[in-house]
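Thanks for asking me to look over this one.

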Amino acid sequence: MTRSLFPAQEIGSLMKPRWQILGQHGEALDERSRGEFRAANERTHFADALPAATEALLGGRSRDAGADAVRDLGALFALRLFESAGLERVYDGEARRIEMYEYPIRQMRGFQFQGHVRSFDNKYYLKAAVTDEVRLEHPYHVEEFDFVRAHARGEPKLPITGPYTLADWSYNEHYLARQSGWKGPAVRRAAQREFVVDLAKRAVRPTLAALIEHGCRVIQIDEPAAGTHPDEADLVVEGFNAATEGLDAEFSMHICYSDYRDLLPELLEAKRCRQWAWEFANRDRDGRDGYEVLNALREYGDTREVGLGVVDVHRDEVESPELVADRIQRATKYLGDPARLWVNPDCGLRTRRLDIAAQKLDAVVRGAAIARATFENPRA
Amino acid sequence: MIVRTGLTGPFPRSEALVAATRDLDRGRVTAEVVEELFGRTEGEVVALERRLGFDTVTGGYLRWADLFRPFAETWEGFSVGPLTRWFETNTFYRQPILHAPPGRVPGAIAARLPPATRADPAHAGVILPGPYTFAGLLENRSGEAEVALVHRLGRLLAEEVRELAGLGYATFQFSEPLLVDRPPERALAEAVVSAYTSVHGSAGAASTLVWTYGADANPVFPLLDRLPVSAVGVDLAETDWETIPASSERRGLGLGVVDPRTTLVEEASDVVRIVHALKDRRRPSALWLGPGGPLDLVPWEPATRKLHLLPAVRQALNRENGGRP
């Protein structure tokens with residue numbers, strides 16, 4: 001399939017609209033959220049496919065609409081938002097997911113949730129310990145993919161949490177306990193390796209296989225924890241390779257907020273990874289060139305695609321299309337081949353209000369168009 | 001050999017406190033209600049510390065948002081900066097931004113110490129940022145070079161210790177994860193020694209500990225052994241105990257034996273075996289046993305369960321010692 005230069009893609013979650021949160025909890029929409037629903041529907045007609053649920057929701061009968069149908073509407077809303085922005089690869093903004101750790105872990109056996117850990121200030125996350133061998137109860141994300149596939153006009157691209165991150169965000173009891181004696185650094189590493197590989201083989205791979213069987217062709221494996229332990233880059237790779245072994249799909253690996261040089265060259269051993277989806281825009285400020293790190297890929301002779309983060313998801317300030325185009329051009333200079341670039345936000349836009357997210361997506365697409373014109377017509 | 005036990009960093013918030021502080025942010029409860037719960041929960045931590053026979057009581061530092069926040073919020077020259085990852089964890093701190101030469105505000109840190117420690121300061125554990133970690137993890141816009149900043153923060157922390165010692169506090173721990181994560185060299189290493197010379201000199205009869213964690217301490221022992229403090233602590237989950245170098249200087253050794261990265265409870269017999277080996281190799285005057293780092297990396301219930309290791313180890317060592325502590 002021939003694509004134009006710099007196609008745009010989604011990369012993760014969107015903030016859930018207020019009407020979805022109220023509706024899926026069975027609460028009647030207030031005037032504001034009803035207005036937001038109507039305004040969005042006028043733009044993208046996302047709700048056309050579910051008239052009964054829409055009527056119930058807007059009529060103050062959220063319980064009649066049903067939580068599942070409200071989530072369906074949330075998924076359609078995100079899907080159409082991405083599509084109307086002009087993205088070629090789309091998903092549902094993770095409209096049905098609460099987060100990226102707890103949900104997959106709850107689809108497995110062998111884990112026990114231990115309680116909350118403080119992330120910062122008064123923000124916490126729930127954390128589980130692996131207390132027995134990992135077993136998958138049933139493949140996850142399959143139903144949500146089926147829904148997206150049935151409704152998407154663009155090419156569906158599914159994000160899924162990788163085995164290394166699932167392991168890193170859990171406590172390792174079972175695999176540590178199998179090691180005798182004091183659990184020093186070497187023992188901990190060996191136990192973590194067993195844990196990552198087991199998660200990859202017993203939970204993530206069967207899920208990926210089921211998704212592929214349902215027609216999923218483009219899969220982004222999210223490994224945000226990779227950047228926290230650069231010395232474990234080989235474990236990230238081992239997990240990735242074990243999870244994708246023998247599977248046929250277009251896999252990418254998303255890692256954000258890391259010094260990618262610290263993960264190289266180990267990361268390059270990820271077989272079947274066709275695209276690196278990394279964050280760059282966040283570090284492209286205060287006189288720093290956030291894209292210079294791409295030189296490292298060139299130095300190592302890596303020729304894979306790059307999903308280029310061109311807008312910062314941690315700032316409300318919306319990048320101009322010209323800035324996005326400049327970023328694409330710089331990245332092309334470092335990589336040496338424009339055909340290897342996809343463009344996307346740095347990471348999921350769930351940290352931003354939906355109106356800001358939409359403007360940033362628009363900047364991605366417009367910026368890509370400017371850059372494309374430059375390459376297709378160098379004198380333009 | 002004296003064996004001392006205690007917390008070496010913050011204790012996790014209880015699930016009730018987690019829920020209350022979340023509700024506070026969502027405007028569902030009042031600050032007064034949450035403050036009352038902080039007080040009650042701190043009381044529970046103190047009761048736990050006493051029940052486990054800890055030598056120092058901390059109250060868990062439940063209100064401290066991070067190691068630097070009380071300083072960034074009260075000392076002159078600072079503002080509170082952006083969220084920044086705390087070493088190799090999935091937790092974050094707000095990076096202090098230093099705009100001008102820092103200045104301490106008398107009484108400010110004392111007022112931020114857990115109220116439970118004020119009731120009996122002689123048996124309280126004061127946990128402060130070490131000057132090297134503080135200087136290295138802030139965003140320095142003051143124009144002062146890092147070496148000079150370590151010297152300056154050492155002097156300021158020495159003043160802090162002098163003030164707190166005057167209030168009766170007798171144990172000061174300085175958290176120095178950066179010392180092992182990014183060991184200082186040459187002039188910076190000398191600045192660290194100088195900073196601790198100031199700190200220890202101002203402590204009078206009080207004990208001073210430098211507690212490292214999060215990375216292998218073995219490469220840094222030549223520097224740690226030069227620090228003029230009562231004891232240095234290392235994280236045994238990250239440090240290969242079998243290669244900890246010998247020492248002829250009889251001073252305190254801190255061992256982080258409760259691993260805050262796992263909910264698995266450590267075996268007392270494993271710790272006792274390590275203690276025997278290190279006792280012969282380093283001949284410590286005192287042994288300080290505690291968590292290898294901030295125990296708030298695990299939730300309240302497993303943290304409580306894990307801490308029972310410490311009295312178990314102490315009892316085993318005392319039994320071998322004919323019942324003498």
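Predicted model: local features only at pLDDT ≥ 70, side-chain atom pairs only at ≥ 80, totals over all residues.

1. Chain A holds 15 helices and 11 strands. Its radius of gyration is 21 Å, close to the 21 Å that the globule rule gives for 380 residues, so chain A is as compact as a globular protein of that length. Along the principal axes, the C-alpha atoms of chain A fill a box of roughly 65 × 60 × 45 Å. Of its 380 residues, 51% count as buried. If you take the contacts in chain A between residues at least 6 apart in sequence, 76% of them join residues at least 24 apart.

2. Chain B has 13 helices and 10 strands. For its 325 residues the globule rule gives 20 Å, and the radius of gyration of 19 Å is close to that, so chain B is as compact as a globular protein of that length. Its C-alpha trace spans about 55 × 45 × 35 Å along the principal axes. Here 51% of the 325 residues count as buried. Among contacts in chain B with a separation of 6 or more, 75% come from residues 24 or more positions apart.

3. Helix α15 of chain A (residues 354-376) makes a handy length check. With 23 residues at 1.5 Å a residue, the helix should span 33 Å, and its end C-alpha atoms are 33 Å apart, which agrees. Its buried residues are L354(A), A357(A), A358(A), K360(A), L361(A), A363(A), V364(A), G367(A), A368(A) and A371(A). The cover over these buried residues includes α5 (67-85), β10 (305-311), α14 (321-335) and β11 (341-345) of chain A.

4. Two packed helices are described by the angle between their axes and the distance between the axes. For α5(A) and α15(A), the angle is about 35 degrees and the axes are 9 Å apart. Their crossing is right-handed. L81(A), F82(A) and A85(A) of α5(A) make the contact with A358(A), L361(A), D362(A) and V365(A) of α15(A). By class, the residues of this contact divide into 6 nonpolar, no polar and 1 charged.

5. A53(A) sits in helix α3 (residues 51-58) of chain A. Is this residue buried or exposed? A53(A) is buried, because 22 other C-beta atoms lie within 10 Å and the cut-off for buried is 20 or more. Leaving aside neighbours within four places in sequence, A53(A) is in contact with A65(A), G66(A), A69(A), V70(A) and L73(A). A53(A) and D64(A), 11 residues apart in sequence, are 7.7 Å apart in space, C-alpha to C-alpha.

6. In chain B, have a look at T171(B), in strand β6 (residues 171-175). T171(B) counts as buried, with 24 C-beta neighbours inside 10 Å. Not counting residues up to four places away in sequence, T171(B) touches T56(B), A124(B), G125(B), V126(B), A206(B) and S207(B).

7. Finally, some backbone geometry to check by eye. The peptide bond from L264(A) to P265(A) is cis, with omega near 5 degrees, and P265(A) is found in the loop between α12 (260-263) and β9 (273-278) of chain A. F6(A), in the segment before α1 (18-24) of chain A, has a positive phi near 55 degrees without being a glycine, and F6(A) is buried, with 26 other C-beta atoms within 10 Å. R186(B) has a positive phi of about 45 degrees, although R186(B) is not a glycine. R186(B) lies in helix α9 (residues 186-202) of chain B and is exposed, with 8 other C-beta atoms within 10 Å.

Key: Residues numbered from 1 in each chain as written. Chains lettered and ligands numbered in written order. Helix = DSSP H or I, 4+ residues; strand = E, 2+ residues; numbered from the N terminus. Expected span 1.5 Å × (residues − 1). Buried ≥ 20, exposed ≤ 12 C-beta atoms within 10 Å, placed from the backbone. Contact = placed C-beta atoms within 7 Å. Axes fitted to C-alpha atoms, helices over the stretch in contact; angles between N-to-C directions. Left-handed = near helix turned anticlockwise from the far one by under 90°. Nonpolar A, V, L, I, M, F, W, Y, C, P; charged D, E, K, R; others polar. Rg over C-alpha atoms; globule rule 2.2 N^0.38 Å.
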